[in-house]
Structure formats: C-alpha cells, structure tokens
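Welcome! Take a moment to look over the chain shown here, and then we will walk through some of its features together.

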Amino acid sequence: METKELKFILKLLGCPNYRTGLSSSTFDGFKSEKNKICRDLGDRELVDYSREIATVKILPPGQALLKLDPAELPITDKERKVLDKLSKATAKIAPSEITSLKAAERAEILKSLNERGLISAEIKIQRIKAEVWLTERGIEFLRDEYIPNKGANPVISLELLGNYLRFLRKNLRVKPEQVSVPLPTNKQSSVETIINPSDEEILQLIEKLDQELGTENYLPIFHLRQKLQPPMSREELDQALYRLQVNNHIELSTLAEPDKFTSEQLDAGIFQRQGSLVFFITLN
C-alpha cells in the first residue's frame with residue numbers, strides 16, 4: 001500500500017462509522033489525487049464509494065432488439081425510447097442528454113439495460129455529494145493483514161496513529177475463556193454468551209433477546225453482537241445472519257432513523273455496497 005493510500009484510509013478511520021463525504025475537509029490534504037486514491041482502493045475492495053453512470057452507448061444486442069416488432073420487444077416503451085436515442089448517437093453520451101426522463105427514472109432504466117447487456121455504461125465516482133466508506137474487506141485487511149513495507153518511511157501524524165489505535169481496540173478479535181458483557185440497555189439480560197454457536201443457537205438467542213428486551217420482533221443487531229462478538233468475529237456473525245435469512249428463518253431490514261442510536265450502535269449494523277445500513281432482525 002502506498003503512503004498516500006495509507007494516509008487516506010487512516011483519515012477515514014477518524015470519521016463516524018468510517019464514512020464521510022469525499023469532498024469534506026477530511027481529505028483537503030490530498031487535493032486532486034483523492035479521486036484516484038479512492039478508485040484504486042475501491043478496486044481492491046478496501047473502500048467503496050457513491051457511484052453514477054458517466055457515459056453510455058448502445059451495444060449490438062441493443063441495436064438488434066430495435067429491429068424486432070415493437071409488440072414482441074421484451075422491454076418497456078420507455079426502455080425502447082432510451083435505446084432508440086442511443087442508437088442515433090455517434091459516440092458515447094452522458095445520461096443528461098436523455099432529456100425525456102427524470103434523473104432517478106433514467107438512472108434505473110440505464111442500470112437495467114446495462115445489466116441485461118443491451119448498453120455499455122461507464123461507471124465513475126458520483127460528481128455531487130459522493131461519499132466514501134471503509135468496507136468489511138477493508139476492516140479485515142487493517143485488522144488482520146496490514147504490515148508496513150520494509151524501507152517505507154511514511155510520516156504519520158499522531159492524529160492518524162490515534163485513529164488506527166482506536167480502530168484496533170474496537171475491532172481486534174480477542175477470545176477469552178469466558179465472556180459475559182452487559183447489554184447497552186436499561187434492562188439487564190440473563191442470556192449467557194454462547195461459545196462457538198451454531199445457526200440454530202443463534203436463532204434461539206435472537207428469540208430470547210427479543211423477548212427479554214421487548215423489541216417486539218425488531219431486534220437491533222448491536223444487541224446480538226454484544227453477546228456473540230467475541231468469540232465470533234464480525235464477519236462470522238454477518239455470514240450466519242445471511243444464512244438464516246436465506247433459509248427463511250429471519251428477515252434483515254434497514255434503518256430509517258439513525259438519529260435514535262449512538263455511533264457505536266450504528267457501527268454494529270451491516271453496511272451494504274449501495275450505502276444502506278442493515279440494522280434490525282425479525283424472526284419469521
């Protein structure tokens with residue numbers, strides 16, 4: 001990792017939930033390099049960022065589709081009109097040149113056409129109000145794998161070093177023989193920590209916590225993390241929750257009103273690539 005990339009990530013560690021606006025003062029020292037650093041780190045899945053379609057062009061399958069009988073087209077009328085507009089362009093065009101649709105609807109249609117291989121879309125960092133955040137892979141890399149290169153002599157400020165130390169204290173995995181951490185709530189839970197729990201035991205623990213805390217089948221994930229991390233790692237628990245959801249035992253839902261929770265409780269959620277935060281567990 002280059003020194004400028006390391007400093008970029010260490011700056012990000014000082015932001016709430018390791019997330020901030022790319023144009024914020026946090027990255028003032030990077031000037032014109034910050035977008036390239038962000039992209040390079042994103043390519044390695046250490047960070048992610050807000051994206052948008054910069055340019056589009058029609059592909060041969062899209063051109064072929066327009067030659068079919070309109071009644072037989074497997075696309076909507078609006079999608080056909082977008083393809084028709086692109087077919088008349090001599091080069092790539094910006095989405096803003098498709099003026100017949102509102103921005104949000106246009107973005108959805110272009111995304112759909114791109115996923116079906118009918119057009120080619122160039123994806124870039126969002127131009128306005130782009131955000132950047134540390135990914136789960138980034139957390140794992142900094143916690144478990146990162147070792148400074150021999151011979152490198154980066155000048156790291158005490159502020160950046162402090163960001164990294166706080167990150168390690170929060171995310172370093174420790175496996176004591178017995179763990180019993182009180183939940184951050186006024187009600188004390190009698191549920192004991194389970195060592196190496198199975199998916200079935202996790203499911204039972206969710207039910208017990210929901211009953212004891214009175215969360216009405218809407219259990220915030222941070223309660224479960226308090227009981228299972230450690231001995232489980234964050235990723236292990238996330239994967240277990242995804243398995244339970246796939247098997248239709250639970251539903252995971254996003255948070256609409258983050259102001260009601262602390263930054264530590266929000267950080268216990270599961271951040272999605274599109275920027276949403278999975279926060280609640282519901283038993284099926």
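## A turn after a helix

Just after helix H5, Gly117 adopts a positive phi of about 75°. Here helices (H or I, at least four residues) and strands (E, at least two) are DSSP runs, numbered from the N terminus.

This is a predicted model, in which local features need pLDDT of at least 70 and side-chain atom pairs count only at pLDDT 80 or more, while totals for chains, interfaces and linings use all residues. Residues are numbered from 1 along each chain as its sequence is written, and side-chain values use heavy atoms, with hydrogens and water left out.

H5 itself covers residues 103-115, 13 residues in total, and reaches 18 Å from its first C-alpha to its last. That is close to the 18 Å expected at 1.5 Å a residue, where the expected span is 1.5 Å times one less than the number of residues.

Which residues of H5 are buried? They are Arg106, Ile109, Leu110 and Leu113; buried means under 20% relative accessible area, exposed over 50%, and partly exposed in between (1.4 Å probe, protein chains only). These four cover an arc of only 100° around the axis, so they sit on the same side of H5; the arc is that of the directions from the helix axis to the C-beta atoms. Their cover includes strand E3 (51-58), helix H4 (77-87) and strand E4 (119-125). On the other side of H5, Ala104, Glu108 and Glu115 are exposed.

Glu115 also forms a salt bridge with Lys111, the closest N and O atoms being 2.7 Å apart. A salt bridge is a side-chain nitrogen of Lys or Arg within 4 Å of a carboxyl oxygen of Asp or Glu. Both residues lie in H5, four residues apart, about one turn of the helix. An α-helix has 3.6 residues a turn, so residues three or four places apart point the same way. Glu115 is exposed at 56% relative accessible area, and Lys111 is partly exposed at 42%.

## Salt bridges across the chain

By this rule the count comes to 21 salt bridges. One of them pairs Lys4 with Glu33, with the closest N and O atoms 3.1 Å apart. This pair links distant parts of the chain, with Lys4 in helix H1 and Glu33 in the loop between E1 and helix H2 (34-43), 29 residues apart. Lys4 is partly exposed at 30% relative accessible area, and Glu33 is partly exposed at 37%.

Is the Asp238 side buried or exposed? Asp238 counts as buried, at 4% relative accessibility, and its salt-bridge partner Arg225 (2.7 Å, N to O) is buried too, at 6%. Arg225 lies in helix H9 (residues 221-228) and Asp238 in helix H10, 13 residues apart. Their C-alpha atoms are separated by 9.6 Å. Beyond its neighbours within four places in sequence, Asp238 is in contact (heavy atoms within 4.5 Å) with Glu136, Arg225 and Ile270.

Asn17 lies in the loop between helix H1 (3-13) and strand E1 (19-21). Asn217 lies in the loop between helix H8 (199-213) and strand E6 (219-220).

## The whole chain

Stepping back, the chain has 11 helices and nine strands. Of its 284 residues, 41% count as buried.
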